[in-house]
Amino acid sequence: MEAPNKKEEMKFTQEQLNAINFKGNLIVSAAAGAGKTRVMTERICREIENGTKVDELLVVTFTKAAAAEMKERIEARLIRLSEEKNDAKDKLRLLEAANGVSRANISTI
């Protein structure tokens with residue numbers, strides 16, 4: 001599945017925004033197709049953008065396919081975020097984070 005484009009990323013419901021911006025640990029539970037992966041991708045990428053390292057996160061999902069999809073989306077989103085940065089250090093940090101996503105603690109129960 002392809003990651004949402006930049007325009008789609010900005011469209012979140014208030015509940016989704018609450019989950020994205022919540023401080024601390026979070027469990028997201030919703031029906032299929034409700035946008036869980038998109039919300040978690042945005043939340044994780046914002047955490048990384050704000051200085052959290054990829055290897056400091058633990059993301060657990062129920063299927064290997066969902067974990068793989070989330071990794072792909074996070075990597076793609078971090079690359080897009082790096083392209084939006086003007087500061088070379090910010091660009092490099094986000095690209096390094098994108099490169100580290102394949103080794104991130106994003107897995108199944």
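Reader: Which elements each supply at least two residues of the lining of the largest pocket?
Author: α3 (36-49), β1 (58-61) and α4 do. Helices (H or I, at least four residues) and strands (E, at least two) are DSSP runs, numbered from the N terminus. The model is predicted, so local features need pLDDT of at least 70 and side-chain atom pairs pLDDT 80 or more, while totals for chains, interfaces and linings use all residues. Residues are numbered from 1 along each chain as its sequence is written, and side-chain values use heavy atoms, without hydrogens or water.

Reader: Which one gives the largest share?
Author: α3, with 7 residues of that lining.

Reader: How much space lies in the largest pocket?
Author: About 850 Å³. Of its 30 lining residues, Leu26, Val28, Met40, Val59 and Val60 are the closest to the centre. On a 1 Å grid over the protein atoms alone, a pocket is an open set of points with protein on both sides within 12 Å along at least five of seven lines, a cavity is a set where a 1.4 Å probe fits but cannot get out, and lining residues have an atom within 4 Å of a point.

Reader: How does that lining divide?
Author: Into 16 nonpolar, 8 polar and 6 charged residues.

Reader: And the second largest pocket, how much space is there?
Author: About 260 Å³. It has 13 lining residues, and Lys53, Val54, Asp55, Glu96 and Ala97 are the closest to its centre. Helix α5 (residues 88-100) gives the largest share of this lining, 4 residues.

Reader: What about the core, which residues have the most contacts inside the largest one?
Author: Ile44, Ile48, Met70, Ile74, Leu78 and Ile106, in a nonpolar core of 18 residues. α3, α4 and α5 each supply at least two of its residues, and α4 gives the most, 5. Such a core is a set of buried (under 20% relative accessible area, 1.4 Å probe, protein chains only) Ala, Val, Leu, Ile, Met, Phe, Trp, Tyr and Cys residues joined through side-chain atoms within 4.5 Å.

Reader: What does Ile74 touch?
Author: Leaving out residues up to four places away in sequence, Ile74 touches Thr41, Ile44, Cys45, Val101 and Ile106, with heavy atoms within 4.5 Å counting as contact. Ile74 is also among the buried residues of α4, which include Met70 and Leu78.

How values were computed: Buried means under 20% relative accessible area, exposed over 50%, partly exposed in between (1.4 Å probe, protein chains only). Grid points are joined across faces, edges and corners, and a volume is the space filled by probe spheres set on the points. Ala, Val, Leu, Ile, Met, Phe, Trp, Tyr, Cys and Pro count as nonpolar, Asp, Glu, Lys and Arg as charged, and the others, Gly among them, as polar.
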